[in-house]
Amino acid sequence: MFTQIKTPNISPLQPAALLETRPDIAIAEAYLREQEANVYVQRKKRWPRLNLSANVNLSNLADINQGWSGNLVEGLTMPIFNAGNIKQQIAYAGGGLEKAQLGYQLTVLKAFSDTLETLSEWQYQARLQPIREQELANNRQLYSLARLRYEAGDTDFLTLLAAQRSWLNARDSHIQARHQHLQAAVNVYRAMGGKLNYMGE
C-alpha cells in the first residue's frame with residue numbers, strides 16, 4: 001500500500017559538490033568553457049604562424065622584391081597589421097565570456113537556493129509525519145471506544161458517526177502527509193542532481 005512505502009532518510013547536510021551533476025549547472029559550465037576557448041582562439045590570432053630566424057633581419061623584411069620575404073610580409077599582414085580588427089574580435093569574445101561567467105554564477109546561486117528550499121521543506125515534512133501518525137492512532141482509538149460504547153447502548157449513533165468522521169479525516173491527513181513527505185524527498189533528489197547523502201553515511 002501507499003502508506004507502506006519507505007521514505008529515504010536523507011541527511012540534512014549535503015555537499016555542495018553534488019550540485020555539479022545538475023543538468024542546468026553542467027550546461028552553464030560547458031557554455032563557460034566554450035567561451036573561454038573562444039577567447040583563447042581569438043588571442044592566438046594576434047601572432048602569425050611563422051618561425052623567426054636569426055638569418056632574417058629588417059632589411060630582408062623591407063626587401064619585398066624577394067619571393068621569400070614577400071611571402072613573409074604577406075603572412076604577417078593579417079595577424080599583425082590588422083591588429084585593430086583582431087582586437088575587436090578579442091573584445092567581442094571577452095564579452096561573451098563575461099556573459100557566460102555571469103550566467104554560470106546565477107545558475108549556481110539558483111541551484112543553491114533551490115536545494116536549500118527543498119531541504120527545508122523535506123525537514124518540515126519529516127517532522128510533521130510522526131504528528132500525523134499520532135493523530136491517526138488517537139482518532140482510531142477514539143472511534144473504537146465510541147463503537148464499543150454505542151454497541152453497549154451507552155451513546156447515540158450521532159456520536160459514533162462523529163468519531164468515525166474524525167478518524168477518516170485523520171487518515172486522510174496522514175495519507176496527504178505521507179504523499180507530501182515523499183514528494184519532498186523527490187524534490188531534494190532532483191535539486192541535488194540525482195545524488196544524495198543519507199543519514200549514517
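The exercises below, each with a worked solution, concern a predicted model of one protein chain.

**Exercise 1. Confidence and fold**

Describe the secondary structure of the protein chain, and state where confidence is lowest and where it is highest.

Solution. 
- Step 1. The protein chain contains five helices and zero strands. The pattern along the sequence is α-α-α-α-α.
- Step 2. Mean pLDDT for the protein chain is 79, with 75% of residues at 70 or more.
- Step 3. Helix α3 (residues 67-81) has the lowest confidence, a mean of 50, while helix α5 (residues 157-191) has the highest, at 91.
- Step 4. Where pLDDT is low, predicted coordinates should not be read in detail.

**Exercise 2. The span of α5**

Solution. 
- Step 1. After α5 comes Gly 193, with a positive phi near 80 degrees.

**Exercise 3. The surroundings of Arg 22**

Solution. 
- Step 1. Leaving aside residues up to four places away in sequence, Arg 22 touches Ala 111, Asp 114, Thr 115, Ala 191, Met 192 and Gly 193.
- Step 2. One of these, Asp 114, forms a salt bridge with Arg 22, and the closest N and O atoms are 3.3 Å apart.
- Step 3. Asp 114, at 26% relative accessible area, is partly exposed.

**Exercise 4. Salt bridges within a helix**

How many salt bridges does the structure hold, and where do the pairs Glu 36 with Arg 33 and Arg 132 with Glu 135 lie?

Solution. 
- Step 1. The structure holds six salt bridges.
- Step 2. In the bridge between Glu 36 and Arg 33 the closest N and O atoms are 3.2 Å apart. Both residues lie in helix α1, three residues apart, about one turn of the helix.
- Step 3. Glu 36 is partly exposed at 33% relative accessibility, and Arg 33 is partly exposed at 43%.
- Step 4. In the bridge between Arg 132 and Glu 135 the corresponding distance is 3.1 Å. These two residues are in helix α4, again three residues apart.
- Step 5. An α-helix has 3.6 residues a turn, so residues three or four places apart point the same way.
- Step 6. Arg 132 is partly exposed at 23%, as is Glu 135 at 31%. Separately, salt bridges with shared partners join Arg 22, Asp 24 and Asp 114 into one network.

**Exercise 5. A nonpolar patch**

Which residues make the nonpolar surface patch, and where is Phe 112 found?

Solution. 
- Step 1. Leu 106, Leu 109 and Phe 112 make a nonpolar surface patch of about 310 Å².
- Step 2. Phe 112 is in helix α4 (residues 83-151), and its relative accessibility of 36% makes Phe 112 partly exposed.
- Step 3. For the protein chain as a whole, the accessible surface is about 14000 Å², with 57% belonging to carbon and sulfur atoms.

How values were computed. Residues are numbered from 1 along each chain as its sequence is written. This is a predicted model: local features need pLDDT of at least 70, side-chain atom pairs count only at pLDDT 80 or more; totals for chains, interfaces and linings use all residues. Side-chain values use heavy atoms; hydrogens and water are left out. Patches are made of residues with over 30% relative accessible area and no salt bridge: like charges are joined within 9 Å, nonpolar side chains (Val, Leu, Ile, Met, Phe, Trp, Tyr) within 5 Å. Accessible areas come from the Shrake-Rupley method with a 1.4 Å probe; for residues, only the protein chains shown count as cover. A salt bridge is a side-chain nitrogen of Lys or Arg within 4 Å of a carboxyl oxygen of Asp or Glu. Helices (H or I, at least four residues) and strands (E, at least two) are DSSP runs, numbered from the N terminus. Buried means under 20% relative accessible area, exposed over 50%, partly exposed in between (1.4 Å probe, protein chains only). pLDDT is the predictor's confidence in each residue, from 0 to 100. Contact means heavy atoms within 4.5 Å.
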